[in-house]
Amino acid sequence: MTESRERAPAGSENRTFGREAELAAVVDLLADPTVRLLTVTGPAGVGKSRLAREAAILAAPAFRDGVVCVGLSEAGTLREAWQRIASALGVDGDAATGDVAAAIADQETLLLLDDCDLVAAQLSRRLAALITECHGLYVLATSRTSMDVYAERLFLLRPLPVQVAEGSGRPLVPDAVRLFLDRVRGHYRDHIDLDADLSVLTEICGLLDGLPLAVELAARSFGTLTLHDVLRGVRQGVPPGSNRLLDVSTRQRSMQAALAWSDCTLSDAERELIQRLSLCEGPFTLEVAQYVGGMSRARIMRHLEELIHKSLILIEQEGTEHTFRMLSATRAFHLRQLASDPERLAEARERHARYFLSLLAGDNGTGRASEGLPATVRQHSRDLRDAVRTLRALGEPVQVVEAVLASEALWVVDHDPAEMSDHLEWAADCLQADGAVPEAGRRLLDRALEAAGLRMVDSGRPDRARALWRKAMALRQEHDDRSSRARIVGHLGDLDRREGRSEEAKAKVTFAAQQCAALGDARGAALARKYLALVEHELGRPGASSTLRDAISALRSLGEQRQVGLALIASARFLSAAGKPDEARAEARSALEVLGTVGGPGDLAEALEVYGCALFTSVHGARHHERIARMLLTSRVLRERHGLLPCETGAARDVERSLRATLGDEALGVLGRRLHSVSRESAVADAFLTVEEQPDEPVRQKAQGNATCLTPRQTEIALMVAEGMTNRQIARKLGLSEWTVVNHLRQVMQKLQAPSRVHVARVMQQREAS
């Protein structure tokens, strides 16, 4: 390969790390005589140069006169770029296009033009003319921006995969993690235990979007920092260090430098739009871009197309409506630019807040949100939380309460009880400081104090919850709101139960249940009956299970999915205590199915503990012990990660001691480290795969083709499969992660004994037809 003055970038050796398919595709395209100009495009730091150079090496034997490589990263003008190209082809640098064409007319050459970003628009016509006149000349270019000529063929390079796939034995290592490990300098390699650190490495690479340059920079900061230090910094949005390698160009030393290098190609309008859109933490639609950008639809479409064209915004999903997103590094770069102008930042934040809060306008007026939140709301969780912070900064307490309560389920799942309660308390203080509170404001104040107390219970601060509820009681006493007072009495009674005052608790929750029922408060009555069942069980009173079943039925009819899941956990404990391990296991599994979607980390931790203990009791065989241990250790990790109190049930401690005796301290230690950064989706999926029950043949035949064996959620997903929807489309519509959908579909296929999605669709279509 002939090269111009620039060397190939460091690290361009033949290590494709998950790029094998892309590399083969590029080589095949270079062998196609109809592809004369191939541009490898994609975002900054995605590895375009490395892939193109490896492809050129592999394709070189097909070109009689070899490969000529020209680096254009320092060429800021058409004249500079053309001089480099002509010189590399053996022609005077100032030669015209026709002269260069005449000089190489008989050659069979592959011309690799690396880093064309700054001159792509100016250079494209000359290249088109050159390949038209030189039939043996083929061009392979790398650029974040396409050349936009008829002869061009684009090859979009995306970031590396970061998803961990489970094989038959040891977990497969994602390609992004493989790159991280390779870039860790040799004398640090022994400090990484892949079995123990895989989840940490996967989270780091996931937060960096699998972008190769960002992954390499993070890897090179390891040594000075521990893996957990690196992870903590990435979580906080700290750029992943800088490159210390001496033979790496300035623009490859940091993501900031890589993005700044081509920032000059943006127009003022494009720069304004992308800075405003950098406020969006998640995917966004054309409608979001139009509102946040503050431009007409026609202008937004034009500028958005240019930003996509320049690889700054990616198309997330194609279908009836495109969804767009920015990689985290791109977003951070442009958000810093916006923050340099406080006035523009404030105005953009307000527009961002108003739009995302408008998504909550469909709330049913109860001030609460459950699993029924639209998928469009659930997928914008982080943007909604930012919107609430903006409202607070603007001093709008009424809107803060309405927004927080309407999106309550999101705060529960993300587990931010302290922040949610803080917002509500701030709003309550503001409302009270206004003096005489009008009726509408008083109702908001009531709801704010009640919800803030419940979130304090979730975060393990019962003293703070009691203080908030007493303040609410005083307010409700003043306004003679008997229904609200009864609900608060029920909550206070449940606190008494948690603190060991069972008799006092029974009196309070009994009163709450009776009052709420008499006053027509169905939700308050159902919650009070759940509290009553827990108290009766602790007091050893008969009828606790019956009371709990009534509460579960009422909560389910009200759509209170999280409360249903918590009550099912209690039911599983009742059944275990009654010596019914198989029934307890089934109930605990149902609780995990519900709370895996709508529960907070504490809820999920408790469900995993109860399910693990029930499995240990009802399923015999040491082959299941490691997975049961994973469930209990995952529960502990979730509690530690979110600052929750450790499990104090005797059953969980007994099971853990037995597992420790069976598996050994060392094995449990390795498992614990491996699960340090486990996601909730992986935790639930792993739990459901713990025991793969194999029914006997008559049961198997009965299940095959019989959709009645599916849970409601599984039925919903199976019907969507029958409609021809992809996993990603299903996840988007239901507001779930794609991994959760995959797990549910796996269970559907097992229950139906369906070997493929086609068979699932056939069973569901037969069911609908009947």
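How many helices and strands are there in the protein chain? In this predicted model, the chain holds 38 helices and 8 strands. Of its 770 residues, 53% are buried. The accessible surface of the chain comes to about 33600 Å², and carbon and sulfur atoms account for 51% of that area. Among contacts between residues at least 6 apart in sequence, 72% join residues at least 24 apart.

Confidence comes next. The mean pLDDT of the chain is 83, and 84% of its residues reach 70 or more. Over residues 2-14, however, the pLDDT is below 50, although this stretch has 31 contacts in the model beyond near neighbours in sequence. Residues 363-372 also stay under 50, and for them the model has 24 contacts beyond four places in sequence. Where pLDDT is low, the predicted coordinates should not be read in detail.

Helix H2 covers residues 48-59, and Lys48 is found in it. Lys48 is buried yet has no salt bridge. Which side chain of opposite charge is nearest to Lys48? That side chain is Asp117, 5.3 Å away. A salt bridge would need a side-chain nitrogen within 4 Å of a carboxyl oxygen. Leaving aside residues up to four places away in sequence, Lys48 touches Val40, Thr41, Gly42 and Pro43, together with Thr142, Ser143, Arg144 and Leu157.

The buried residues of H14 are Ala329, Thr330, Arg331, Phe333, His334, Gln337 and Leu338. What covers these buried residues of H14? The cover includes helix H10 (255-261), helix H11 (268-277) and helix H15 (342-358).

Helix H27, residues 561-577, has 17 residues. From its first C-alpha to its last, H27 reaches 25 Å, close to the 24 Å expected at 1.5 Å a residue. Why can H27 be called largely enclosed by the rest of the structure? Of its 17 residues, 13 are buried, so the helix is largely enclosed by the rest of the structure. H27 is followed by Gly579, whose phi is positive, near 75°.

How values were computed. Residues numbered from 1 in each chain as written. Predicted model: local features only at pLDDT ≥ 70, side-chain atom pairs only at ≥ 80, totals over all residues. Heavy atoms only, no water. Helix = DSSP H or I, 4+ residues; strand = E, 2+ residues; numbered from the N terminus. Buried < 20%, exposed > 50% of the residue type's maximum accessible area, 1.4 Å probe, protein only. Lys, Arg positive; Asp, Glu negative; His and termini not counted. Contact = heavy atoms within 4.5 Å. Expected span 1.5 Å × (residues − 1). Areas by Shrake-Rupley, 256 points an atom, 1.4 Å probe, with all protein chains shown as cover. pLDDT = per-residue confidence, 0-100.
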